[in-house]
Amino acid sequence: MFGTLFPAIPPGTAGWVIFLFAAYLLGHIVFLLGSYLDNIYDPIRKLVWPKATDFAYQQADRIKRDRLGAKAAKAINHPAGMAEVARLEADSKFFRSLVVVLVILLAATLANDGHRTGIVFPVLLGVFAVLSYWRYTERRYKSTEQAYRFMIVLAGDDSAGAGRPEDAA
């Protein structure tokens with residue numbers, strides 16, 4: 001479909017070494033390119049999930065200001081909570097990299113093969129890229145929210161529910 005983008009890989013062990021090295025290198029390049037999506041994430045987060053209505057963020061920020069040093073050290077001793085945050089972060093990074101790969105595939109399809117594939121394949125690639133970007137933002141938001149909630153729980157703050165906007169009504 002894309003023609004010969006790369007030269008043929010020789011058979012045998014040398015071919016596998018070349019393939020593994022190229023895959024490793026390409027993975028790092030995709031990850032690096034995906035990190036630029038973080039610049040787009042911040043404005044979207046402020047629009048979709050504003051900090052003014054984010055109770056978990058407000059409480060975690062208060063805890064951070066008041067007594068983060070001891071709580072941060074305590075967090076390291078709770079691998080289950082840290083693992084959940086790390087899993088959500090890994091998910092967000094996967095979808096961030098998937099966006100880059102889908103955009104590259106879309107560009108390659110349009111540049112090399114657009115006249116033969118018709119409109120369906122490029123449209124599908126575009127739709128999947130948008131959906132992958134949305135999943136990236138959702139996973140990244142959830143990872144930060146989970147980290148905030150984890151800090152609130154570790155703080156053991158009995159007043160965590162006090163001052164919630166819905167409690168004032």
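L32 lies in helix α1. Helices here are DSSP runs of H or I with at least four residues, and strands are E runs of at least two, numbered from the N terminus. The model is predicted: local features need pLDDT of at least 70, side-chain atom pairs count only at pLDDT 80 or more, and totals for chains, interfaces and linings use all residues. Residues are numbered from 1 along each chain as its sequence is written, and side-chain values use heavy atoms, with hydrogens and water left out.

The protein has 6 helices and 0 strands. From the N terminus, the order is α-α-α-α-α-α. Buried residues (under 20% relative accessible area; exposed is over 50%, partly exposed in between; 1.4 Å probe, protein chains only) make up 30% of the 169 residues. A contact means heavy atoms within 4.5 Å. Among contacts between residues at least 6 apart in sequence, 83% join residues at least 24 apart.

Start with α1. This helix covers residues 13-35, 23 residues in total. It reaches 33 Å from its first C-alpha to its last, close to the 33 Å expected at 1.5 Å a residue; the expected span is 1.5 Å times one less than the number of residues. Its buried residues are G15, V30 and G34.

The surface comes next. F21, L25, L26, I29, L32, L33, Y36 and I104 make a nonpolar patch of about 810 Å². Patch residues have over 30% relative accessible area and no salt bridge; like charges are joined within 9 Å, nonpolar side chains (Val, Leu, Ile, Met, Phe, Trp, Tyr) within 5 Å. A salt bridge puts a side-chain nitrogen of Lys or Arg within 4 Å of a carboxyl oxygen of Asp or Glu. Helix α1 gives the most to this patch, with 6 residues.

The largest nonpolar core has 8 residues: L37, Y41, W49, F95, V99, Y133, Y136 and Y141. Such a core is a set of buried Ala, Val, Leu, Ile, Met, Phe, Trp, Tyr and Cys residues joined through side-chain atoms within 4.5 Å. Helices α4 (79-117) and α5 (120-155) each supply at least two of its residues. The largest share, 3 residues, comes from α5. V99 touches L37, A129, S132 and Y133, not counting residues up to four places away in sequence. A second, separate core has 7 residues, including A60, I63, Y148 and I152.

Finish on α5, where A147 is found. A147 is partly exposed, because its relative accessible area is 26%. Its C-alpha is separated by 9.3 Å from that of A86, 61 residues apart along the chain.

Technical notes:
Accessible areas come from the Shrake-Rupley method with a 1.4 Å probe; for residues, only the protein chains shown count as cover.
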